[in-house]
Amino acid sequence: MSGGGGGRLKQLLAVAVTKGVEEARARIFGHVLNPAGLRSPHKILRKKLFGEKVAQWYPHDISKDDPLHIDRREEKRLSKLEILKRRGKGPPKKGQGRGAVKRNKGK
């Protein structure tokens with residue numbers, strides 16, 4: 001038996017012991033092992049969620065609670081649209097606009 005083989009055996013044992021220690025440490029402290037160093041979403045998923053904090057920043061929308069409640073701007077827009085429709089200047093019905101007229105002209 002030569003002296004060079006013994007060093008290799010020690011190295012293999014050291015690697016095995018280190019790997020076992022790392023696995024035990026990961027299990028104890030709840031870490032995720034990534035010996036290959038591959039990309040993992042774990043770092044992002046570990047962070048605390050902050051959606052509730054963002055939602056609290058904005059005021060509560062009462063129009064979602066009450067279906068009869070209409071915003072002033074929406075009410076003004078609807079009344080203006082009604083006036084335009086009575087004058088014949090409202091938006092055309094679906095399929096009767098300028099593009100539809102051009103398509104049907106050649107037929």
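Predicted model: local features only at pLDDT ≥ 70, side-chain atom pairs only at ≥ 80, totals over all residues.
A residue counts as buried when its relative accessible area is under 20%, as exposed when that area is over 50%, and as partly exposed in between.

Start with the chain as a whole. The chain has five helices and zero strands, so its elements, read from the N terminus on, run α-α-α-α-α. The C-alpha atoms fill a box of roughly 105 × 50 × 15 Å along the principal axes. For 107 residues, a compact globule would have a radius of gyration near 13 Å, but this chain has 35 Å. Of the 107 residues, 2% count as buried. The accessible surface of the chain comes to about 11,300 Å², and 58% of that surface belongs to carbon and sulfur atoms.

One part of that surface is a nonpolar patch of about 570 Å², made by Phe-50, Val-54, Trp-57 and Tyr-58. Trp-57 is found in helix H3, which covers residues 51-57. With a relative accessible area of 71%, Trp-57 is exposed, because the value is over 50%.

Next comes helix H4, residues 72-86. H4 has 15 residues, and at 1.5 Å a residue they should span 21 Å; the end C-alpha atoms are 21 Å apart, which agrees. The expected span is 1.5 Å times one less than the number of residues. After H4 comes Gly-88, whose phi is positive, near 85°.

Charged side chains are the last topic. Side chains of opposite charge can pair when their charged atoms come close. The structure holds two salt bridges. One of them joins Arg-77 and Glu-74, with 2.9 Å from N to O. Both residues lie in H4, three residues apart, about one turn of the helix. An α-helix has 3.6 residues a turn, so residues three or four places apart point the same way.

Asp-71 forms a salt bridge with Arg-73, and here the closest N and O atoms are 3.5 Å apart.

Conventions: Residues numbered from 1 in each chain as written. Heavy atoms only, no water. Patch = residues over 30% accessible without salt bridge, like charges linked within 9 Å, V, L, I, M, F, W, Y side chains within 5 Å. Areas by Shrake-Rupley, 256 points an atom, 1.4 Å probe, with all protein chains shown as cover. Salt bridge = Lys/Arg side-chain N within 4 Å of Asp/Glu carboxyl O. Helix = DSSP H or I, 4+ residues; strand = E, 2+ residues; numbered from the N terminus. Buried < 20%, exposed > 50% of the residue type's maximum accessible area, 1.4 Å probe, protein only. Rg over C-alpha atoms; globule rule 2.2 N^0.38 Å.
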